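Let's take a walk through this protein together. Keep the picture open while you read.

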Amino acid sequence: MLAQFTPTWMIEATYNINPKELKQLGIKVVLTDLDNTLIAWNNPYGTEELRDWMTSLERENIQLVVVSNNSHRRVKKAVAALQLPFISRALKPFSGGIRRAMRQYQVSENEVVMVGDQLLTDIAAANFSKIRSILVRPIIESDAWNTRINRFFERFVMHAMLRKHPELKFRKDLINERNK
Ligand SMILES: [Mg+2]
């Protein structure tokens with residue numbers, strides 16, 4: 001049961017995920033949640049760190065794709081400033097959206113990673129899809145009301161998961177810090 005909500009890695013922030021390390025790990029496509037993972041819901045333009053991160057992903061030839069449960073209209077508007085391809089109505093925690101993205105970019109399970117701030121949706125969807133995942137800290141704590149209810153359950157699962165996996169901690173690095 002808990003295995004379904006356990007990420008492969010935990011990283012402080014999305015922009016801390018090192019594109020060179022992703023490449024070393026064989027990742028060709030990074031799927032990312034939108035709200036509170038890539039951008040704060042009240043800042044659609046993203047931060048400077050995010051933009052720098054996107055540039056360095058491009059440099060490593062890694063494709064970034066937004067996979068969101070939100071509607072086409074909402075996601076299209078949100079990513080317009082970032083000019084990113086996206087999959088909307090992904091139905092996370094189910095695997096539909098992730099599978100759709102994998103078909104579209106013709107990548108196999110070990111060539112893709114899902115980044116998100118929620119165990120119950122993003123990480124569960126990654127595990128359902130049998131791909132690796134990175135949990136990041138939410139950009140800001142205050143959310144839309146529906147996410148706030150989710151967070152309540154999220155906290156329980158997070159506690160249980162961390163108790164079972166003391167080796168998992170929010171880090172700044174995928175590879176080098178792993179065994180510290
Ligand atoms: Mg989110």
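Start with strand 1 (residues 9-11), which runs parallel to strand 6 and is joined to strand 6 by 3 bridges. Two strands count as paired here if DSSP finds at least two bridges between them. Helices (H or I, at least four residues) and strands (E, at least two) are DSSP runs, numbered from the N terminus. Look for Trp9: its bridge partner in strand 6 is Ile134.

Before going on, a word on the model: it is predicted, so local features need pLDDT of at least 70 and side-chain atom pairs count only at pLDDT 80 or more, while totals for chains, interfaces and linings use all residues. Residues are numbered from 1 along each chain as its sequence is written, and side-chain values use heavy atoms, with hydrogens and water left out.

Now back to strand 6 (residues 132-136). Strand 5 pairs with strand 6 too, in the parallel sense, over 4 bridges, and Val115 stands opposite Ile134. To get from strand 5 to strand 6, the chain passes through helix 5, making a right-handed β-α-β crossover (with the strands pointing away from you, the path from the first strand over the helix to the second runs clockwise). Strand 6 is mostly covered, with 4 of its 5 residues buried, meaning under 20% relative accessible area with a 1.4 Å probe, protein chains only.

So what holds the magnesium ion? Asp33 (OD), Asp35 (O) and Asp117 (OD) coordinate the ion at 2.1 to 2.3 Å; donors are N, O and S atoms within 2.8 Å of the metal (3.2 Å for Na, K and Ca), and water is not among the atoms, so sites may look incomplete. Asp33 sits in the loop between strand 2 (29-32) and helix 2 (48-59), and Asp117 in the loop between strand 5 (112-116) and helix 5 (119-128), so this pair ties together parts 84 residues apart in sequence. Both Asp33 and Asp117 are buried.

Definitions and conventions:
Buried means under 20% relative accessible area, exposed over 50%, partly exposed in between (1.4 Å probe, protein chains only).
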